[in-house]
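Hello,

Here is the structure I promised to pass on. Please have a look, and then read my notes below.

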Amino acid sequence: MDFTPSEEQTAAQGLAARIFGDLSTHERLTAAGTGTDAELWKELCAAGLPAAVEDVGLLSLVLVLEEQGRTTAQVPLAATCVYGLLAVAAHGTPEQRERLLPGLRDGTAVATGAFPARGGVHIAEDGALYGSVPWVPWLRDATHVLVADAARGLWIVRTGEPDVTAVPVETTAPWSAGRLVLDGVRGERLGNGQPGAYADVLATARTAFAGLQAGVCAGSLARAVHHTVTREQFGRPLSTNQGVLLRAADAHMDTEAIRVTAYEAAWRHDEQRACEAQALTAAWWASEAGKRVVHAGQHLHGGTGADLDHPVHRHFLWGRQLDAYLGCGGEVLEELGLLLAHSSQEGAS
């Protein structure tokens, strides 16, 4: 396997790095509060990055999301690409692709997903959707929500419908989240209800958000390195302390593990190979190792890391939010174990 980015993927990553670096500054993030940076979102869409992800593949999205994570840019890029562009492009009918994809490409439509399915949404006998999902990322910005029902069917729901309610919810990270309540709304089934669509979208989401976590961790570590190199104690930089070096080295290796497992899952997805186990592996590393890295980044800042207004604290909050969104490590590991055991039994039979 070869994770070397193609020329198009490298170009998309470079463009994302420039836009995020120029516009997602500490001052702008502070001004945005818990909301979305609308100007940054318009800039990303005008540059064609969401459309490029659709063309180049999931690995391209992982690379772009790494750059978002480095700056903790407050835009619904991961959700729109995973639950909108890629889901509709892969599983939508020709009519759905023609109708929905243009708005998702240019940013006039924003998608998110009520994932994973936890039995909170049910289909009545008349085909209407009922139930609630405690929190959905970027729901306050979304025009469309990809809802997974209890039977793992996928439905496209417009947030503007009268039977759809989005109650604002504040989470650890400023993701414009909301509680989704469905009270008899008529959803639109994604595609023709083909089997495997739910598993594919979930694996795609886990891989993409693991890539986002890799960027969050890389940004946290970069800030910690800069702090320990420039801050002196007893006449020498903090970075010369062996304990600091070891903590930073561990954080670096954890970040690389998140990155390479996300790359493998994305590469296998783009190559149309089985990737469910690899996506779970990436999610486990992003959850468990990501938590360690953002804690280390904050601790290496000493007392400065406790300052809620310091940029490194934002990385800490994003890292913990992604840990929660991907599922705690034990939960993900259990699912991976069950999947491997099931695959082994199928192979034996």
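What follows is a short tour of the pockets and the nonpolar cores.

This is a predicted model, in which local features need pLDDT of at least 70 and side-chain atom pairs count only at pLDDT 80 or more, while totals for chains, interfaces and linings use all residues. Residues are numbered from 1 along each chain as its sequence is written, and side-chain values use heavy atoms, without hydrogens and water.

The largest pocket holds about 490 Å³ of space. Its lining has 26 residues, and Asp200, Thr204, His269, Arg273 and Cys275 are the closest to its centre. A pocket here is an open set of points on a 1 Å grid over the protein atoms alone, where a 1.4 Å probe fits, with protein on both sides within 12 Å along at least five of seven lines; lining residues have an atom within 4 Å of a point. Volume is the space filled by probe spheres set on the points, which are joined across faces, edges and corners.

The second largest pocket holds about 400 Å³. Among its 22 lining residues, Pro116, Tyr198, Leu202, Arg206 and Glu335 are the closest to the centre.

As for the cores (sets of buried Ala, Val, Leu, Ile, Met, Phe, Trp, Tyr and Cys residues joined through side-chain atoms within 4.5 Å; buried means under 20% relative accessible area, with a 1.4 Å probe and protein chains only), the largest has 85 residues. Tyr83 and Phe209 are among the members that touch the most others. A second, separate core of 14 residues includes Trp155 and Val185.

Best wishes

Technical notes. Buried means under 20% relative accessible area, exposed over 50%, partly exposed in between (1.4 Å probe, protein chains only).
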